[in-house]
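Me: I have a structure to go through and a few questions. Can we take them one at a time?

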Amino acid sequence: MILKRLKSLLLIGLCFASATSMAQDKSDWQNGVPEGCTTITIGKTATFDGSVITSHTDDSHRTRAWMSVTPAKSHDKNSKFELFERSAYDSLRMPTYQHKKIGEIDQVSKTYQFLNTAYPCINEKQLAIGESTFGGREELYSEACIIDCQRLQQLMLERCTTAREAIKMADELLKKYGWRDFGECLTIADKQEVWHFEVVGPGKGKVGAVWVAQRVPDDHLSVNANGSTIKEIDLKNSDYFMASENIFELAKENGWYNPIEETFRWNYAYAPKSRRSIASRRREWRVLSMAAPSLDLDPTAKDYPFSVKPDEKVSMDKLVEIFKDYYEGTPFNFVKNIKQADKDGKEAISPFANPFMPYGMNRLFGVNGGWGELGERTIARWYTMYATIIQCRSWMPDDVGGIVWLAQDNVATSIYIPVYAGTTDLAPSYKVKARRLGYTRKSAWWAFNRLSTLTAQRWGDMRHDVDKVFVPLQKQYFEEQAKVDEQYLSLSKRKRRAFLTNRSIDLGTEVVEKAWEIGDGLWTNYDEKF
């Protein structure tokens, strides 16, 4: 009896430890702060064609690489939406996450089709979402809550058609079921506008959430790079600001805000640690500076404007350039001192120096930067799973108006293909559960992961081989979109979705074949040179 009781107590203890570690999972964090994802947003009069843009680099060592399209569905009145919590899982071929069910809520009668990436990103109504974790105060995390970031994004896309509607729905659901996650910024776009929605938990043992939302002006560009960026708010100006009812009271109760002595600033009340992160601030500086160099922003500043007016209308080419950036040409190119003499005896950066070295190699070369021995946290990353740049275009029907420009792995050696709001399927290689299986030539992600890893071995030379193929092909895809729009409109409604789906599949198949082909060429052409 005593032995049985001890076993029972041990089991309870193990379950509690497991639940605690699951709740506090920070597998994609560095030095105690999140450093996962970058999202850039642009209002409709700041873009080259009038589209509203959001985006996302899923910079993670663990999230899934496969993706699929979840169709619109009808549900009976007893249907439930299941909720899960994510935790690190190392029992498969590669590090990944497991998702354990922790609850369920009532399902609605009809749900929209959406693109089911690791962080669901667009639905058939041109509602689109990007994401970046900023952490927030640890004590706000509550295990009494049951809705996390990935599930909230899915709920928004399944049930809503506009950014404001998605934020309103989030408020209602989080009041009732609570936010079970660390601080997150969701960048929510529709055909007219884009908002940054920042949310944290209600505090240990409580159910609910604290959140704020700020709209990006139509003529501005904004960024979130794992640091909370919303500061002063004006809730009387509902065209630009929204917030939860408890936003001021909770901050006052905890001594994070004194209305007599200071102006309320959301990020310093609820996520002050995020503003100390060089990994975040350097990316903010770089994105804003590349869009508006005339502002001459200080790369060492603690805070930057929430948004800026770009010096020129932002093109897709410019966005690709920004997302491929690793501070080359700036003092923060952390491999700039890895040099060797060329054939004329002149010192130059070694072709072996690259910004995507494993951290152990940084130590080997004595690399340092704003991130210590890790160098700098650049915008392009070697552990990106996938990336999106999403256009929402009000002048086109929803099916073709919403375009997810989708890239696999490190965007510095990748290429974006169009997946439309009306696309109903993807190329088979995009749906392969690559990290669960290990290396396979059946996977789109592995094609690009192998290519980026190979290219990094002799970055100074090999990147040009990749660019020689992908840069003109990317330009072609962007330029062809006008003809795609034209052809789509000429088709009967019955044929339109099939047309879009075939294009997404064909281009997906094409770029994956190119990635394998380029990689094979690198093995041959650089034999004994890396």
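Me: What volume does the largest pocket have?
Reply: About 600 Å³. Keep in mind that this is a predicted model.

Me: How many residues line the largest pocket, and which lie nearest its centre?
Reply: The lining has 27 residues. Nearest the centre are Arg64, Phe84, Asn116, Arg151 and Gln154.

Me: Which strands and helix supply at least two residues each to that lining?
Reply: Strand 7 (80-89), strand 8 (96-106), strand 10 (114-116) and helix 2 (149-159) each do.

Me: And how does the lining divide into nonpolar, polar and charged?
Reply: Eight of the lining residues are nonpolar, eleven are polar and eight are charged.

Me: New topic. At what angle do helix 12 and helix 13 cross?
Reply: Roughly 170°, and their axes come within 12 Å. Helix 12 covers residues 459-490 and helix 13 covers residues 493-525. An angle over 145 degrees counts as roughly antiparallel, so helix 12 is roughly antiparallel to helix 13.

Me: Which residues meet there, in helix 12 and in helix 13?
Reply: From helix 12 they include Met462, Val466, Phe470, Leu473 and Tyr477. From helix 13 they include Phe499, Leu500, Arg503, Leu507 and Ile518. The residues of this contact divide into 16 nonpolar, one polar and six charged.

Me: Where is arginine 497, and what is it in contact with?
Reply: Arginine 497 is in helix 13. Leaving aside neighbours within four places in sequence, arginine 497 contacts Gln113, Glu124, Asp399, Gly422 and Thr424.

Me: How far is arginine 497 from valine 466?
Reply: They are 31 residues apart in sequence, and 32 Å apart in space from C-alpha to C-alpha.

Me: What about threonine 70, buried or exposed?
Reply: Threonine 70 is buried, because its relative accessible area is 15% and buried means under 20%. Threonine 70 is in strand 5 (residues 68-70). Not counting residues up to four places away in sequence, threonine 70 touches Tyr112, Gln113, Phe114 and Asn116.

Me: Last topic, phi. What is the phi of aspartate 296, and where is that residue?
Reply: Aspartate 296 has a positive phi of about 50°, although it is not a glycine. Most residues other than glycine have a negative phi. Aspartate 296 is in the loop between helix 6 (278-291) and strand 17 (307-308). At 67% relative accessibility, aspartate 296 counts as exposed.

Me: And glutamate 528, what is its phi?
Reply: Positive, about 70°, and glutamate 528 is not a glycine. Glutamate 528 lies in the segment after helix 13, and counts as exposed at 76% relative accessibility.

Definitions and conventions
Residues numbered from 1 in each chain as written. Predicted model: local features only at pLDDT ≥ 70, side-chain atom pairs only at ≥ 80, totals over all residues. Heavy atoms only, no water. Axes fitted to C-alpha atoms, helices over the stretch in contact; angles between N-to-C directions. Helix = DSSP H or I, 4+ residues; strand = E, 2+ residues; numbered from the N terminus. Parallel < 35°, antiparallel > 145°, perpendicular 65-115°, else oblique. Contact = heavy atoms within 4.5 Å. Nonpolar A, V, L, I, M, F, W, Y, C, P; charged D, E, K, R; others polar. 1 Å grid on protein atoms, 1.4 Å probe; cavity = no way out; pocket = protein on both sides within 12 Å on 5 of 7 lines; lining within 4 Å. Points joined across faces, edges and corners; volume = space filled by probe spheres on them. Buried < 20%, exposed > 50% of the residue type's maximum accessible area, 1.4 Å probe, protein only.
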